[in-house]
Amino acid sequence: MTQPFVLSTAGVYDLVVNVLWTVSTVFLFLLVVIIVNKAWRESREGFAERRRAEMEPALFRYVMGTEPVEKFIPSGVSRRDWLVLEKVFFDLLRVARGNVNTRAREAFESLGMVDHYAGQLDSRRWWLRAEAAEKLGLMASERPTRRLIEAMTDPIPEVRIRAAQALGGIGTPEALRPLVGALRDAGRWSAIRVGGMLIAAGDDAVDVLLEEFRNLPDAARISAIDIFGRIKSLRACRLLLDLLKDPAPDLRARAAYALGMIGDPTNAGALAGCLGDPEWSVRAMAAKALGRLRETESVPALSAALSDPQWWVRANAAEALRGKGGAGQDALLHVLDSDDPYAAQQSVQMLQESGVLDTFVGMLVSTAAGEQTRALGVMAKLVKLRRIDLLTEVARDHPDRMVRQRLAALLGLPAPVA
Amino acid sequence: MTGTKAGGKIVVADDDPIVLKFLAALLKDAGYEVTTAEDGEKALSRIREAQPDLVIMDLVMPYHDGFEITRSLRNSPATRQLPIIILSMKDRESDVLRCFELGADDYIRKPFNALELLARVKKILDRRPAGA
């Protein structure tokens, strides 16, 4: 028979003391580690701040001068100085442009920073590869273009995205071509994100997109068309005008919309022609695009589009006419007489939203020759269109008592209280 | 950094240290006397103390923004004619127009071109009446 294990009072005391001793030793050790770490970090930061203060005046003189960077850092660049120097140049790139940027980029190359980060793209640690891609993007040197293109196939998405952003920042045709290629691969790349990078590259991206357009699948072509519109590239107009006749309705609709975004009024005729397209989405986008152009050539076609069987086309046409000044306003007033109830109601809505109806209501008490008659004519048309609700509201709320009385009399309502 | 030396007192106000330090170095090297301020309150007091020939300031700063400072300078007889250049990241048309309505003389967007800024400063200070 074995004896049961019994702990004496002294044994319990020893156990508690040992546990407390162990726990407090661990805490003390952690405390020391934290304090040493903080002191080390603060000393590093202090050193960096001091070095920055020492180096900054020379670096400012360098970016505003013409001589090589080595002349401004005679003692050479240690690894710790390197980080300080990199930070100063990145800060300058954030707030300045032009010559300062060019000089900062020259320094990145001549001090070997570009080569260093290009080499870091081969690191086994993905976060170092991502950091390298991001910094190469800020440095915008053309030299590591090939390495960054390779990084676009990195297994880690964060590295791929930063490499793509870096290529967009470099902006040469060689750097931008893989981004255009990425538009094809919708499964791997977000078209919106790649599109954003190409838009940021501006006109440089237009040339590459125009070159590659015919080789792109339809989905990528749609992205490309949107990019042309967002960049407002006049150079893309010829292609977009051709696309208005493309057999694919999506491409026609997007091309029409992009032409509106670009805003060149000489394209109004072609867009007005699209108001007769068999696909309603193309007609709707053409009407919207015409609303963005500063011209009046399209007013008759837009007036006709107010009778379109599709509500979206009518709404966009009315909205476009509203923005066409006097000519558009006259067209909307003319449509009040239309036999097409949709067109007439759309016209009423636009005239109301643009404040034209308010002007006519005010003219009811005008003393100028012909104005009252014109206003009465418009009111009569509204009554005929059964928009008494609208006029009743105005008759109740108009600030001018004379106008309220006139409208009440017209509508057969009781005279308003003074 | 620059060839010709100019003259005049300039107050630069910005809460971004790199802008403040870079502009100070740039303008000093071009021959101007520069006083810096890192917030709106200090900007107002430095302008009162230094009585500068030109103010270059950011719009977004702690305590008083660039709009408030411009309005305050234009409302005071002593600083009504003081040239003001706004240097800001804000690029909305409404902000730019508001600055000009309040009385700013020029508006430069960040990121800025240092040579262009120097040219604008020179042009504004050259318009000063002789002996001012």
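**View 1. Contacts of A:Trp126 in a predicted model.** A:Trp126 touches A:Ile156, A:Glu158 and A:Val159, leaving aside residues up to four places away in sequence; contact means heavy atoms within 4.5 Å. A:Trp126 belongs to helix α5 (residues 126–139) of chain A; helices are DSSP runs of H or I of at least four residues, numbered from the N terminus. With a relative accessibility of 36%, A:Trp126 counts as partly exposed (between buried, under 20% relative accessible area, and exposed, over 50%; 1.4 Å probe, protein chains only).

**View 2. The buried residues of helix α8 (residues 173–182) of chain A.** A:Ala175, A:Leu176, A:Leu179, A:Val180 and A:Ala182 are buried. They lie on the same side of α8(A), because they cover an arc of only 150 degrees around the axis, taken from the directions from the helix axis to the C-beta atoms. These residues pack against α6 (145–151), α7 (157–170), α9 (191–201) and α10 (203–212) of chain A.

**View 3. A charge over a ring in chain A.** A:Arg314 lies over the face of A:Tyr342, 4.2 Å from the ring centre; the criterion is NZ of Lys or CZ of Arg within 6 Å of the ring centre and within 35 degrees of the ring normal.

**View 4. A charge over a ring in chain B.** B:Arg98 lies over the face of B:Phe67, at 4.0 Å from the ring centre.

**Notes.** Residues are numbered from 1 along each chain as its sequence is written, and chains are lettered from A and ligands numbered from 1 in the order in which they are written. In this predicted model local features need pLDDT of at least 70, side-chain atom pairs count only at pLDDT 80 or more, and totals for chains, interfaces and linings use all residues, while side-chain values use heavy atoms, with hydrogens and water left out.

Notes:
Helices (H or I, at least four residues) and strands (E, at least two) are DSSP runs, numbered from the N terminus.
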